[in-house]
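The report that follows describes selected features of a predicted model. Please read it alongside the sequence and the coordinates.

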Amino acid sequence: MSRMDEQGRVTLDEIDRKIIKELNSNGRISYTDLGKEIGLSRVAVQTRINALMEEGVIERFTAVINPEKIGISVSAFFNVEVEPKYLQRVAEALAEEPVVTSLYHMTGPSKLHMHALFTDNKEMEEFMKEKLYILPGITSVDSQVLITRYKSRMGMRL
């Protein structure tokens, strides 16, 4: 069972790691089937998953959607340089945009790294002109459009 260490971090045991690995492979697996896979009862699996959720290790369960199947054909990555005094305001504004799927503050000169999905190039251009470029404090924007996705990892390596 997981527990907190001196720094407030959760320490996972081997069973927790097996549960998380199986859930990364199939988030819809039943507690019963998961228990069979790792050698625990349904109740024990459910108890462990509930504990992992309460401790914040498992943040949420979600469906992974293939964007191309629903007409989203442009996947773009952006490096946005922002004056330090505007960084928080710009990050908060971009985080509210529905097309933005991830947003990170990276090392370097107040750089935000962002991923966004668009139906087409026109929608991307409109986002850049009407939502991105108008934000105060932005000094430069570099963007790259994805051509081929070879691997996209959901979850993380334990």
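## The E4-E5 pair

Strand E5, residues 111-118, pairs with E4 in the antiparallel sense, and the pairing extends over 6 bridges. Two of the residue pairings can be named: Met-106 has Lys-111 in E5 as its bridge partner, while the partner of Tyr-104 in E5 is His-113.

The two strands form a hairpin with 4 residues between them, and in the turn Gly-108 adopts a positive phi of about 115°.

## The sheet and its helix

E4 and E5 belong to an open sheet of 4 strands, whose order is E4-E5-E3-E6 and whose pairing is antiparallel. At the edges lie strand E4 (100-106) and strand E6 (138-145), each of which pairs on one side only. From one strand to the next, the twist averages 20°. In general, the strands of a sheet pair through backbone hydrogen bonds, in either a parallel or an antiparallel sense.

Helix H5, which comprises residues 121-132, packs on this sheet and touches strand E3 (74-82) as well as E4, E5 and E6. The direction of H5 makes about 20° with that of E3.

## Aromatic pairs

With ring centres required to lie within 6.5 Å, the count of aromatic pairs comes to 3. One of them joins Phe-78 and Phe-118, whose ring centres are 6.4 Å apart and whose planes stand at 80°, so that the pair is edge-to-face. This pair links distant parts of the chain, since Phe-78 is in strand E3 and Phe-118 is in strand E5, 40 residues apart.

## The crossing of H1 and H3

How do the axes of helix H1 and helix H3 cross? The axis of H1 (residues 14-25) and that of H3 (residues 42-54) come within 11 Å and cross at roughly 85°. Because angles of 65 to 115 degrees count as roughly perpendicular, H1 and H3 are therefore roughly perpendicular to each other.

On the H1 side the contact is made by Ile-15, Asp-16, Ile-19, Ile-20 and Leu-23, and on the H3 side by Arg-48, Ile-49 and Leu-52. Sorted by class, the contact of H1 with H3 has 6 nonpolar and 2 charged residues, with no polar ones.

## The annotated domain

An unreviewed UniProt entry places the feature "domain: HTH asnC-type" at residues 12-73. In the predicted model, the end C-alpha atoms of residues 12-73 lie 39 Å apart, and the span is 53% helix and 0% strand.

Definitions and conventions: Residues numbered from 1 in each chain as written. Predicted model: local features only at pLDDT ≥ 70, side-chain atom pairs only at ≥ 80, totals over all residues. Heavy atoms only, no water. Axes fitted to C-alpha atoms, helices over the stretch in contact; angles between N-to-C directions. Parallel < 35°, antiparallel > 145°, perpendicular 65-115°, else oblique. Contact = heavy atoms within 4.5 Å. Nonpolar A, V, L, I, M, F, W, Y, C, P; charged D, E, K, R; others polar. UniProt positions renumbered as here; feature names shortened; annotations may be inferred. Pairing = 2+ DSSP bridges. Phe/Tyr/Trp six-rings, centres within 6.5 Å; stacked < 30°, edge-to-face > 60°.
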